[in-house]
Amino acid sequence: MISASPAIRSLFVSFCKYLVAGGAGFLLDFGTLYLCFNILGMHYLISAILGFIVGLVFVYISSNKWVFGERQMGDRQVLEFSLFTIIGIVGLGLTVLFMWLFVDALGIYPLIAKLITTGLVLIWNFGARKYLLY
């Protein structure tokens, strides 16, 4: 049996925790999208943006409290949250781009498009946050 290095094991544990935190953030994001789009009748892109923001705040808090063991920014929480948010804004841009592509260009139902989009943006978010912040 091949044994993984401690760094690989740590990365794997962080990714698994990020999946759990991200999954909960996704439920908040998706729930907000559903509420705004299906119940309140808001435009799907506005609904997706609001959902993304709700999920972003949750994942930031859970990333700091549970997911990642070390914080490169230390006590510089304003800088840390700013970088976390910039990464999130890039993720938001990807979310809007993919949602538009899947819904308007390909005709996929918005909630299905959101599922696909979430998987793609997850890879960006974890990689950028792990590399730049934690």
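Arg129 lies in helix H4, which covers residues 110-132; helices here are DSSP runs (H or I) of at least four residues, strands are DSSP runs (E) of at least two, and both are numbered from the N terminus. The model is predicted: local features need pLDDT of at least 70 and side-chain atom pairs count only at pLDDT 80 or more, whereas totals for chains, interfaces and linings use all residues. Residues are numbered from 1 along each chain as its sequence is written, and side-chain values use heavy atoms, with hydrogens and water left out.

Arg129 is buried yet has no salt bridge. Buried means under 20% relative accessible area, exposed over 50%, and partly exposed in between, with a 1.4 Å probe and protein chains only. A salt bridge requires a side-chain nitrogen of Lys or Arg within 4 Å of a carboxyl oxygen of Asp or Glu. For Arg129, the nearest side chain of opposite charge is Asp29, 9.9 Å away. Not counting residues up to four places away in sequence, Arg129 touches Tyr18, Leu56, Val59, Phe84, Ile87, Gly88 and Tyr134, where contact means heavy atoms within 4.5 Å.

Glu80 is placed in helix H3 (residues 77-105). Beyond its neighbours within four places in sequence, Glu80 is in contact with Tyr60, Asn64, Arg71, Met73, Leu133 and Tyr134.

Ile61 belongs to helix H2 (residues 44-67). Together with Ile46, Leu50, Ile53 and Val57, Ile61 forms a nonpolar patch on the surface, with about 400 Å² of accessible area in total. Such a patch joins nonpolar side chains (Val, Leu, Ile, Met, Phe, Trp, Tyr) within 5 Å, from residues with over 30% relative accessible area and no salt bridge. Accessible areas come from the Shrake-Rupley method with a 1.4 Å probe, and for residues only the protein chains shown count as cover.

The table lists the relative accessible area of two residues.

| Residue | Relative accessible area | Class |
|---|---|---|
| Glu80 | 0% | buried |
| Ile61 | 48% | partly exposed |

The protein chain as a whole has 4 helices and 0 strands, in the order α-α-α-α from the N terminus on. Its C-alpha atoms fill a box of roughly 45 × 40 × 20 Å along the principal axes. Of the 134 residues in the protein chain, 36% are buried. Among contacts between residues at least 6 apart in sequence, 69% join residues at least 24 apart. The accessible surface of the protein chain comes to about 7,700 Å², and 75% of that surface belongs to carbon and sulfur atoms.

Methods
Lys and Arg count as positive and Asp and Glu as negative; His and the chain ends are not counted. Patches are made of residues with over 30% relative accessible area and no salt bridge: like charges are joined within 9 Å, nonpolar side chains (Val, Leu, Ile, Met, Phe, Trp, Tyr) within 5 Å.
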